[in-house]
2 protein chains.
Amino acid sequence: MTIYDISEKAGVSIATVSRVLNGSANVSEETRQRVLDVIEKYEYTPNAFARGLGLNTMRTIGIMCADSSDLYLAKAIYYLERQLRENDYRCILCCSGYELDTRRESLDLLLQQKVDGIILVGSNYIYGQAAQNKYILDAALTTPIMLLNGALDAPNVYSVLCDDYTSVQEATGRMIASGIHDILYFYNSDSYSGKRKRSGYLNAMETHGLEPMQEFFAGNHEDISGMTEQLLRLHQNGQAFHGLIAADDTLALAAVKYAQTLGMQIPDDLSVIGYNNSILAQCCHPELTSIDNKLEALCQHLTDTLMDVLTDNYGIKNTMFSGDLILRGTTKAL
Amino acid sequence: MTIYDISEKAGVSIATVSRVLNGSANVSEETRQRVLDVIEKYEYTPNAFARGLGLNTMRTIGIMCADSSDLYLAKAIYYLERQLRENDYRCILCCSGYELDTRRESLDLLLQQKVDGIILVGSNYIYGQAAQNKYILDAALTTPIMLLNGALDAPNVYSVLCDDYTSVQEATGRMIASGIHDILYFYNSDSYSGKRKRSGYLNAMETHGLEPMQEFFAGNHEDISGMTEQLLRLHQNGQAFHGLIAADDTLALAAVKYAQTLGMQIPDDLSVIGYNNSILAQCCHPELTSIDNKLEALCQHLTDTLMDVLTDNYGIKNTMFSGDLILRGTTKAL
């Protein structure tokens with residue numbers, strides 16, 4: 001049963017049902033009672049409604065991610081869970097996998113648990129085709145939906161993003177300014193955020209009249225050996241590059257190993273920039289220059305926005321943070 | 001309401017309630033009906049009961065871990081979620097933190113969701129004092145509890161472990177056999193598994209008549225710089241060692257950085273063995289020799305056991321797997 005069913009059964013508009021649930025004064029007492037009767041008759045008290053009616057909630061937030069073993073997603077879950085706990089909310093996590101079917105199922109499961117809000121972690125939740133995002137819009141009819149690193153313009157959907165486009169564009173521009181013109185872009189995802197990163201690279205190369213070089217890795221996101229071998233094959237085929245921008249720190253680590261295998265000096269023979277500024281950036285020698293996408297700040301802002309929405313039914317719809325280039329040993333000084 | 005309350009209200013023993021729920025034939029029809037009446041009257045249908053009565057379940061398993069950003073725990077959750085999904089079960093994850101209070105709360109939350117079983121991931125769930133484990137025993141009265149890398153001898157509690165003791169003992173013995181006698185043990189946890197690892201090291205040193213050296217790191221589990229600095233302080237204070245066994249790969253990576261800072265050659269001047277065989281083991285140069293604790297196999301066995309318990313009310317109580325030493329560049333050949 002959705003808000004549509006209630007409006008139909010009560011014979012009033014959706015906007016009226018919404019006003020009743022939000023306790024607005026612009027509803028006649030008779031209409032108000034009619035809507036509440038329908039809700040009571042059908043025992044329909046999901047939490048978004050319960051909140052409007054002042055009923056108790058379970059104070060739980062559902063978190064969905066594709067794969068909790070991904071370093072970036074795991075870290076986001078860690079921050080969100082801690083911040084929600086500070087606000088006296090518990091969290092329930094569903095690992096949805098990457099398929100649309102299992103995503104729909106996972107979201108349904110969270111809605112059944114009557115959570116107060118749902119956070120979709122990771123940019124891979126938003127598809128290019130509107131029909132594929134319908135299950136998210138449906139969920140938003142009753143429960144606020146927060147997107148971390150995704151964007152979708154819809155009622156009751158809120159987005160917090162890192163400006164991946166500008167981050168990669170500026171990092172590429174900086175590498176060009178250090179005198180390197182043959183820069184390879186190495187990536188492994190064409191998610192919403194993946195596309196934006198790649199556009200940033202392409203724009204910087206184009207602006208400087210340079211030929212872009214792109215290499216896509218289709219294997220497992222932890223297979224650093226496989227990534228290294230793919231780069232070595234490029235070398236065997238005569239493709240030379242003295243700079244490499246990676247869409248993820250694992251791909252950048254593969255570039256460091258590639259240079260070690262070929263006896264190239266970093267950063268003199270090869271400059272490398274990673275993405276995420278994860279623990280991996282500290283693991284290699286020299287340590288990795290990497291783009292920090294301010295994950296903790298993003299998560300804190302998302303939690304704050306969600307708390308605003310749950311308290312006042314109002315929150316900032318879209319927020320974009322700037323990334324920071326953290327300079328370490330794999331890039332030259334300007 | 002627990003199984004105790006039902007037995008009291010029905011005026012029968014707990015064993016009888018259990019027999020009714022498991023569909024045993026050794027119960028008179030009159031007694032059976034009395035127990036079912038109590039259950040129905042109090043609308044008590046947690047899933048363990050529902051299964052016994054042939055009612056539908058939600059086919060969900062609750063997973064609890066202390067901190068989902070820990071590489072090892074994140075990986076375990078990833079395997080478990082995938083394997084449970086293959087068995088047509090969904091998973092709900094609660095990050096419980098490391099405090100007893102938030103653990104109790106998280107377990108309660110999962111029980112309220114009427115999950116079919118609960119998996120506690122990580123050896124830090126089992127305390128030394130029995131009173132602190134009571135909340136787990138209480139939960140086991142209605143819901144099967146699976147421990148990954150913990151052990152607790154109690155009804156309806158099942159354990160799957162890696163033999164951390166023997167793994168570290170053998171790794172230490174191997175390093176001694178390669179001619180290194182001054183071996184430091186570097187650790188950051190005194191959990192159930194942490195204690196077992198340390199005992200393995202101590203036993204190996206003692207057996208060979210060598211003086212043990214132990215160093216505890218109290219900081220954040222990802223603070224590789226802090227770990228490195230702590231090792232450098234040992235050096236400044238004149239404490240020498242030519243071998244290092246680490247309780248985790250992050251600690252071993254710090255040892256590699258320590259050697260790089262001092263211009264020591266690995267493995268000639270310093271041999272290093274890590275633990276977990278995580279992605280970090282592939283990140284440094286030379287790559288890290290590390291103990292593989294067979295996490296995927298452990299998770300698969302745990303899932304299989306849980307499926308047995310849910311189907312037949314019977315499963316293997318305790319299973320211990322052997323670890324494997326994965327030899328890479330940070331140790332000498334024998």
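Leaving aside neighbours within four places in sequence, A:Leu111 is in contact (heavy atoms within 4.5 Å) with A:Ile118, A:Ala139, A:Thr142 and A:Thr143. This residue belongs to a predicted model, in which local features need pLDDT of at least 70, side-chain atom pairs count only at pLDDT 80 or more, and totals for chains, interfaces and linings use all residues. Residues are numbered from 1 along each chain as its sequence is written, chains are lettered from A and ligands numbered from 1 in the order in which they are written, and side-chain values use heavy atoms, with hydrogens and water left out.

A:Leu111 is part of helix α6 of chain A; helices (H or I, at least four residues) and strands (E, at least two) are DSSP runs, numbered from the N terminus. With a relative accessible area of 26%, A:Leu111 is partly exposed, since buried means under 20%, exposed over 50%, and partly exposed in between (1.4 Å probe, protein chains only). From A:Leu111 to A:Ile316 the separation is 205 residues in sequence and 23 Å in space, C-alpha to C-alpha.

Chain A as a whole contains twelve helices and twelve strands. Of its 334 residues, 56% are buried. Among contacts in chain A between residues at least 6 apart in sequence, 70% join residues at least 24 apart. The C-alpha atoms of chain A fill a box of roughly 80 × 35 × 30 Å along the principal axes.

| Item | Value |
|---|---|
| Residues from chain A and from chain B | 39 and 39 |
| Area buried between chain A and chain B | about 3,400 Å² |
| Salt bridges across the interface | six |

Buried area is the accessible area (1.4 Å probe) that two parts lose on being put together, summed over both; here carbon and sulfur atoms give 57%. A salt bridge is a side-chain nitrogen of Lys or Arg within 4 Å of a carboxyl oxygen of Asp or Glu. A:Glu287 forms one with B:Lys257, the closest N and O atoms being 2.6 Å apart. On the side of chain A that touches chain B, α5(A) gives the most, with seven residues.
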